[in-house]
Amino acid sequence: MSRIEDLLRAATRETAGEVRPDSIPPLDPGTLSRPRRATTWWRWPPPLPVLAAAAVVLVVIASLSLGKALPGRHAQGGTGIPGAPPYYIATTATGSPAYDHPEYITVRSTFTGKVLATVAAPRPYGTFTLVQGTADDRTFLVGAQVWSRSGEKRCDSVSEPVRLFLLRYDPADHRARLTALPVPQFDGGCLVTASISPDATRLAVALGTTPSGVSVTVYTLPGGRARTWSLTRHQDMSAGIGVTRDNPQTLSWTADDRTLEFNWDGLPGPGIRLLDTTAPGNNLYYSSHRILWTYGTGSGSSNFVCDSDAFLTSNGAAILCAGYTWQKSAGRTGPTTLGFGEFSATTGKLIAILAAEKGSLPTEKVRLSPRGPVVTALNEAAFPRLMWASPDGSVLIGTLNGPGHVFVYAHGHKQTIPWSSSTAPPEMTSITEAAW
Amino acid sequence: MKLLPGREDHTTTPGATASDATAAVSALYAEHALGLTRLAQVMLGDRSAAEDVVHDAFCGLYRRWEFLTDTGKALQYLRSSVLNGCRTALRRGTRPAGPVDVDLTIAASAEHALLTSEERHAVMAALRQLPGRQRETLVLRYYLDLPDAEIARSMGIRESTVRSTVHRGLASLERILTGESS
């Protein structure tokens with residue numbers, strides 16, 4: 001594919017993305033027999049009597065519309081949900097044991113699970129160890145690495161260097177192509193995660209290094225400057241980015257292309273922090289500010305407990321996490337409500353529990369601590385997980401009961417999607433990961 | 001515009017009622033309004049005009065619903081209607097903003113495959129300078145990823161014409177972006 005074709009494809013997709021799923025006006029069946037000509041019709045103001053009559057008609061139509069549900073409004077075929085990404089990528093282990101040497105990435109259809117393309121890790125790296133989504137639903141950020149026998153793969157001081165690539169899937173010919181990003185390979189530390197800004201002009205990388213602790217570096221693309229935010233020796237050297245490492249947006253850009261949100265796991269407590277990458281300063285902690293305490297205790301007086309890292313929607317309006325309600329009266333083994341908690345980004349208050357369903361957590365997974373209930377990991381696969389969210393948080397992909405129950409949630413409805421056991425959701429100890 | 005099969009001979013759908021049409025068109029709207037509005041947005045660069053065009057397309061489908069013998073082709077009909085509506089809107093003067101004045105050089109290296117916002121605006125401005133047919137084929141090919149046969153059906157032209165139009169459209173686009181005279 002030529003450069004001009006690449007440009008055209010990317011530009012048209014980004015322009016189309018300006019139309020957000022929640023901005024489509026509902027169809028009023030009463031208007032179907034009347035073409036709408038607003039752009040030309042309103043150029044000449046209609047006479048007042050016509051306006052008055054139109055106002056009456058509008059009131060009547062509105063009252064009728066409120067009184068009955070629109071037929072078929074939420075009817076979704078088996079092929080997709082508006083606003084949901086059509087493709088995802090997953091690292092695929094081909095050797096034995098299963099969770100070993102992920103030599104390939106498969107591109108799959110979200111709604112059928114069908115493998116659309118398979119990409120082998122480039123030489124000399126041989127394996128893939130990181131997958132992330134981008135603002136373009138056919139472009140992904142992946143990390144390739146020479147296989148390390150250490151348990152933590154890409155996140156180990158003795159692990160092999162990681163090189164970042166863009167993976168682009170082309171539905172026209174069902175091929176996926178890798179392009180090396182013009183940034184150095186990451187060596188001698190823990191590459192926690194990476195994220196590309198929505199306008200694709202910046203790459204943010206979170207690194208855990210010894211002895212300087214955690215740091216975030218932003219590279220201007222293509223091939224530009226680097227700026228790093230780190231901690232001083234007097235700060236919390238045990239701090240990290242990401243609490244459970246199962247969050248696709250542990251580090252991610254907001255829609256303004258300048259603010260990074262990240263999950264802080266350090267003193268005075270874990271939570272979401274925002275970093276303005278255009279403001280002065282180079283201290284990761286003091287240059288950023290916390291917007292929500294998230295892990296373990298949920299938020300404030302809410303009894304909803306985030307079971308994994310929470311993250312900010314890229315429009316900055318809401319904070320989402322997967323979790324459950326905690327009721328002391330029900331005891332440790334009592335029934336609970338599982339779901340995705342939606343918190344206000346400005347007040348931190350729980351707005352809603354989305355995709356809620358009744359369920360219970362295994363006894364062994366919950367223990368009490370001075371901070372409240374804490375989940376311990378005996379069965380990682382069954383953890384509720386939020387795996388993807390649209391920029392405005394209106395469409396979600398995740399699971400409440402493990403990899404056999406991954407679904408897309410939109411506008412109050414769930415659609416279960418096929419999910420192979422070999423592509424389980426990202427887990428703390430698994431190298432099998434998926435990204436939209 | 002190529003009409004749906006059945007329109008020419010006025011074959012009606014047995015048992016089709018207004019409520020059937022309302023339910024079916026409403027369901028199609030729920031499933032395809034977003035995609036079609038995005039298509040119109042790419043073609044027009046004007047959100048309000050895009051919504052008008054899409055709404056009109058669904059109205060047209062509703063009026064013709066009883067004549068459809070193959071409702072599976074409803075999306076194709078809608079897509080053709082949206083393209084027609086975009087042509088009309090552009091003729092009528094609902095035009096997007098003019099070209100952005102940027103110095104864009106097409107990079108030879110695939111390593112620089114990232115798109116800046118300036119590049120995006122320049123590409124979209126250049127796209128909208130192309131003749132209508134070239135613009136439509138490029139959008140259907142590179143935005144919707146439609147195969148040539150489906151592009152041909154949507155536009156009512158031959159597949160060979162699709163291929164040659166895409167070729168000419170890409171060449172024109174590159175000339176505009178690199179500032180070369182044709």
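Chain A has three helices and 28 strands. The model is predicted. Chain A comprises 436 residues, and 56% of them count as buried. Its accessible surface comes to about 18400 Å². Carbon and sulfur atoms account for 56% of that surface. Contacts were also sorted by sequence separation. Among those in chain A between residues at least 6 apart in sequence, 48% join residues at least 24 apart.

Strand β6 of chain A spans residues 162-170. This strand is mostly covered, with eight of its nine residues buried. β6(A) pairs with strand β5 (residues 139-146) of chain A in the antiparallel sense, over seven bridges. Within this part of the chain, A:Val142 stands opposite A:Phe165 in β6(A). β6(A) also pairs with strand β7 (residues 175-180) of chain A. That pairing is antiparallel as well and runs over six bridges. A:Asp170 has A:Arg175 in β7(A) as its bridge partner. β6(A) and β7(A) form a hairpin, with four residues between the two strands. In the turn, A:His174 has a positive phi of about 55 degrees.

Further along chain A, four strands make up an open sheet in the order β24-β25-β26-β27. Pairing in this sheet is antiparallel. The edge strands are β24 (385-389) and β27 (413-416) of chain A, each of which pairs on one side only. From one strand to the next, the twist averages 25 degrees. β24(A) is joined by four bridges to strand β25 (residues 395-399) of chain A, and the two run antiparallel. A:Ile397 in β25(A) is the bridge partner of A:Trp388.

A helix of chain A meets a helix of chain B. The two are α1 (residues 3-16) of chain A and α7 (residues 159-178) of chain B. Their axes come within 10 Å and cross at roughly 90 degrees. Angles of 65 to 115 degrees count as roughly perpendicular, and α1(A) and α7(B) are therefore roughly perpendicular to each other. On the α1(A) side, the contact is made by A:Ile4, A:Glu5 and A:Leu8. α7(B) contributes B:Leu170, B:Leu173, B:Glu174 and B:Leu177. By class, the contact of α1(A) with α7(B) has five nonpolar and two charged residues, and no polar ones.

Definitions and conventions
Residues are numbered from 1 along each chain as its sequence is written. Chains are lettered from A and ligands numbered from 1 in the order in which they are written. This is a predicted model: local features need pLDDT of at least 70, side-chain atom pairs count only at pLDDT 80 or more; totals for chains, interfaces and linings use all residues. Side-chain values use heavy atoms; hydrogens and water are left out. Axes are lines fitted to C-alpha atoms, for helices over the stretch in contact, and angles run from 0 to 180 degrees between N-to-C directions. Angles under 35 degrees count as roughly parallel, over 145 as roughly antiparallel, 65 to 115 as roughly perpendicular and the rest as oblique. Contact means heavy atoms within 4.5 Å. Ala, Val, Leu, Ile, Met, Phe, Trp, Tyr, Cys and Pro count as nonpolar, Asp, Glu, Lys and Arg as charged, and the others, Gly among them, as polar. Buried means under 20% relative accessible area, exposed over 50%, partly exposed in between (1.4 Å probe, protein chains only). Two strands pair if DSSP finds at least two bridges between them. Accessible areas come from the Shrake-Rupley method with a 1.4 Å probe; for residues, only the protein chains shown count as cover.
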